[in-house]
Amino acid sequence: AKVTFVDHDGTKHEVEAPIGNNLMEIAVNNNIAGIDGDCGGMAACATCHVTVDPAWYAKTGARSEAEESMLTFLPEIAETARLGCQIEMTEELDGLVLHLPVEQF
Ligand code: FES
């Protein structure tokens, strides 16, 4: 499957997204700038914050409680904000588009 990360300046990075990996791992493995994954995917650092393209948001599932509370620490988030590590790649998400928040650069 594939996902596309879109930089704040509009640059697109389409990368291979193995099923079962989470979106933070996929970003880190592809050196996507702006996604660090400092906590290793524990929903405890918010350095994997992404804005899900609105067309895809419903498919990514619901935020967990830990995720919800991490997101409240960020200065500004979109309605479709998620932690990348809390979204697991599935066949259904093939073609997913994620936007990278400008403050993470
Ligand atoms: Fe730390 Fe996702 S990697 S919250």
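These notebook entries record what I looked up in the structure.

**Entry 1. Basis**

I worked from a predicted model, in which local features need pLDDT of at least 70 and side-chain atom pairs count only at pLDDT 80 or more, while totals for chains, interfaces and linings use all residues. I number residues from 1 along each chain as its sequence is written.

**Entry 2. Overall form**

I looked up the secondary structure and found 2 helices and 5 strands. Helices (H or I, at least four residues) and strands (E, at least two) are DSSP runs, numbered from the N terminus. Read from the N terminus on, the order is β-β-α-β-α-β-β.

I then checked the dimensions. The C-alpha trace spans about 30 × 25 × 25 Å along its principal axes.

A residue is buried if 20 or more other C-beta atoms lie within 10 Å of its own, exposed if 12 or fewer, and partly exposed in between, with C-beta atoms placed from the backbone. Among contacts with a separation of 6 or more, 65% come from residues 24 or more positions apart. Contact here requires C-beta atoms, placed from the backbone, to lie within 7 Å.

**Entry 3. The sheet**

I traced an open sheet of 5 strands in the order β2-β1-β5-β3-β4, with mixed pairing. β2 (12–16) and β4 (81–83) stand at the edges with a single partner strand each, so one side of each is left without a neighbour in the sheet. The twist averages 35° from one strand to the next; axes are lines fitted to C-alpha atoms, for helices over the stretch in contact, and angles run from 0 to 180 degrees between N-to-C directions.

I went through the pairs, where pairing requires that DSSP find at least two bridges between two strands. β1 and β2 are antiparallel over 5 bridges. Their hairpin has 5 residues between the strands, and Gly10 in it takes a positive phi near 95°. β1 (residues 2–6) also pairs with β5 (residues 96–99), in the parallel sense over 4 bridges. I followed Phe5 to both sides: Phe5 stands opposite His13 in β2, and the bridge partner of Phe5 in β5 is Leu98. β3 and β5 run antiparallel and are joined by 2 bridges; there, Thr51 stands opposite His99 in β5.

**Entry 4. The core**

I looked up the largest nonpolar core, which has 24 residues; Val3, Leu23, Met24, Ala27 and Leu98 touch the most other members. β1, α1, β3 and β5 each supply at least two residues of this core, and the largest share, 5 residues, comes from α1. Such a core is a set of buried Ala, Val, Leu, Ile, Met, Phe, Trp, Tyr and Cys residues joined through C-beta atoms within 7 Å.

I then listed the contacts of Leu98, leaving aside neighbours within four places in sequence. Leu98 is in contact with Val3, Phe5, Val6, Leu23, Val50, Thr51, Val52 and Asp53.

Phi of Asn31 is near 50°, a positive value in a residue other than glycine. Asn31 counts as exposed because it has 9 C-beta neighbours inside 10 Å.

Ala43 is found in the loop between α1 and β3 as well, and has a positive phi, near 60°. Ala43 counts as buried, with 20 C-beta neighbours inside 10 Å.

I ended with Thr47, in the loop between α1 (23–29) and β3 (49–52). Thr47 has 18 C-beta neighbours inside 10 Å and therefore counts as partly exposed. Not counting residues up to four places away in sequence, Thr47 touches Asp36, Gly37 and Asp38. From Thr47 to Ala33 I noted 14 residues in sequence and 11 Å in space, C-alpha to C-alpha.

Conventions. Two residues are in contact if their C-beta atoms, placed from the backbone, lie within 7 Å.
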